[in-house]
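Subject: Structure for you to look at

Hello,

Here is the structure we spoke of, with its sequence. My notes follow below it.

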Amino acid sequence: MNSKPLLKLLLAAVLLASGACKKSTTPEIDETQTGTTASIPHLAGVTFKNPLIDASRADPFVAQKDGNYYFMYTRGNNLGLRKTTKMSELSQATEKVIWTPPSGTGYSSNLWAPEIHYISGKWYIYFAANDGGGDSHRMYVLENVSQDPTVGTWTLKGKISDTSDQWAIDGSILNYNGAYYFIWSGWDSPATRYKQYIYIAPMTNPWTISGERIMISAPTNNWEKYEPSGSQGLGVNEGPIMLQRDQNSPLFLIYSASRYGGDNYCLAQIQLKNGGNPTNPADWINKKQVFVSSHENNVYGPGHNGFLPVA
């Protein structure tokens with residue numbers, strides 16, 4: 001496989017990565033701020049600046065259609081969208097609040113990791129939300145029939161869940177051989193809360209899962225179990241994002257491992273073997289780390305990422 005296009009994709013992901021993926025509940029962030037390293041003693045007082053957009057943009061996701069890029073990230077109490085023809089001009093694009101949940105529902109608070117996808121002629125947004133309690137996060141779906149997702153009406157299609165209806169975040173879409181699959185991070189049960197796995201399930205339509213969820217990745221390695229303190233914990237697999245150059249190229253699932261907020265937060269991969277079945281856990285192979293902290297380069301906690309094509 002020619003590695004150059006893939007390298008460009010990975011570079012774009014690194015530029016958008018938000019480090020230790022803090023799930024902020026702040027409704028809006030001051031874009032004039034630059035990042036600081038006050039929590040890293042030997043870099044105290046040093047500042048950095050994101051090359052694409054100022055300040056923190058946790059859980060970044062970009063969709064591209066008809067020459068436009070659409071950028072989303074975790075905002076807290078609503079969903080915002082930026083539209084630009086050039087990612088290099090992202091910071092200059094006006095951000096529009098496209099949907100605010102009503103109060104008093106199971107999806108009114110802590111809107112995390114929104115992703116926007118164009119499926120069968122319509123736009124869909126997948127996001128995690130809760131009622132204000134940390135153990136109630138579930139995944140939800142919005143639909144917009146407008147060809148420009150910054151206009152038109154976003155309609156809540158409802159919760160997207162398998163029959164287990166367990167805690168769930170970081171939902172994403174896999175389109176493989178003409179079939180759609182929903183992929184997300186979740187708990188096995190309340191008894192094992194805070195240990196996060198990656199699940200997959202086939203979809204009958206963009207807002208409905210068919211069949212039971214299937215676990216395709218569990219935090220079994222030490223590098224998947226670090227807590228922010230550096231001690232070993234239950235383990236985390238979250239933020240699954242699909243990476244495939246084209247239908248004839250290898251298919252990778254890139255995910256975040258260990259608990260966000262620490263230097264050991266990292267990006268890892270599993271790969272679907274050639275001709276494999278996405279719902280067969282044995283067909284996901286080559287599990288390994290792909291982006292980790294680099295003390296030599298002052299890079300810490302690379303986390304929840306997004307990919308976009310670069311011309």
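Strands are DSSP runs of E of at least two residues, numbered from the N terminus, and two of them pair if DSSP finds at least two bridges between them.

On the source: this is a predicted model, in which local features need pLDDT of at least 70 and side-chain atom pairs count only at pLDDT 80 or more, while totals for chains, interfaces and linings use all residues. Residues are numbered from 1 along each chain as its sequence is written, and side-chain values use heavy atoms, with hydrogens and water left out.

β12 and its other partner

Strand β11 (residues 168–176) also runs antiparallel to β12, with seven bridges between them. Tyr-176 is opposite Ala-179 of β12. The hairpin of β11 and β12 has two residues between the strands, and Asn-177 there takes a positive phi near 55°. Strand β12 (residues 179–186) is mostly covered, with six of its eight residues buried (under 20% relative accessible area; exposed is over 50% and partly exposed in between, with a 1.4 Å probe and protein chains only).

Aromatic residues

The count is 14 aromatic pairs, where rings of Phe, Tyr and Trp (its six-membered ring) pair if their centres lie within 6.5 Å; planes under 30 degrees apart are stacked, over 60 edge-to-face, and the rest tilted. The ring centres of Tyr-126 and Phe-182 are 5.6 Å apart with planes at 40°, so this pair is tilted. Because Tyr-126 belongs to strand β8 and Phe-182 to strand β12, the pair ties together parts 56 residues apart in sequence. Tyr-126 and Phe-182 are both buried. One aromatic cluster is formed by Tyr-126, Phe-182, Trp-184, Tyr-197 and Tyr-199.

The charged end of Arg-213 sits over the ring of Tyr-199, 4.1 Å from its centre (CZ of Arg or NZ of Lys within 6 Å of the ring centre and within 35 degrees of the ring normal). Lys-65 has its charged end over the ring of Tyr-118, 4.5 Å from the centre.

The open sheet

β3-β4-β5-β6 is the order of four strands in an open sheet with antiparallel pairing. Its edge strands, β3 (61–65) and β6 (95–99), each pair on one side only. Strand β5 (residues 79–84) is joined to β6 by four bridges, and Leu-81 has Lys-96 of β6 as its bridge partner.

Cores

The largest nonpolar core has 24 residues, and Leu-79, Trp-99, Ile-116, Ile-125, Phe-127 and Trp-154 have the most contacts inside it. Strand β8 (residues 122–130) gives the largest share of this core, four residues. A second, separate core of 22 residues includes Ala-113, Tyr-124, Ile-173 and Tyr-199. A nonpolar core here is a set of buried Ala, Val, Leu, Ile, Met, Phe, Trp, Tyr and Cys residues joined through side-chain atoms within 4.5 Å.

Leu-251

Leu-251 lies in strand β17 (residues 251–257) and counts as buried because its relative accessibility is 3%. Leaving out residues up to four places away in sequence, Leu-251 touches residues including Leu-174, Tyr-176, Met-242, Ile-270 and Trp-284 (contact is heavy atoms within 4.5 Å). From Leu-251 to Pro-278 is 27 residues in sequence and 10.0 Å in space, C-alpha to C-alpha.

Regards
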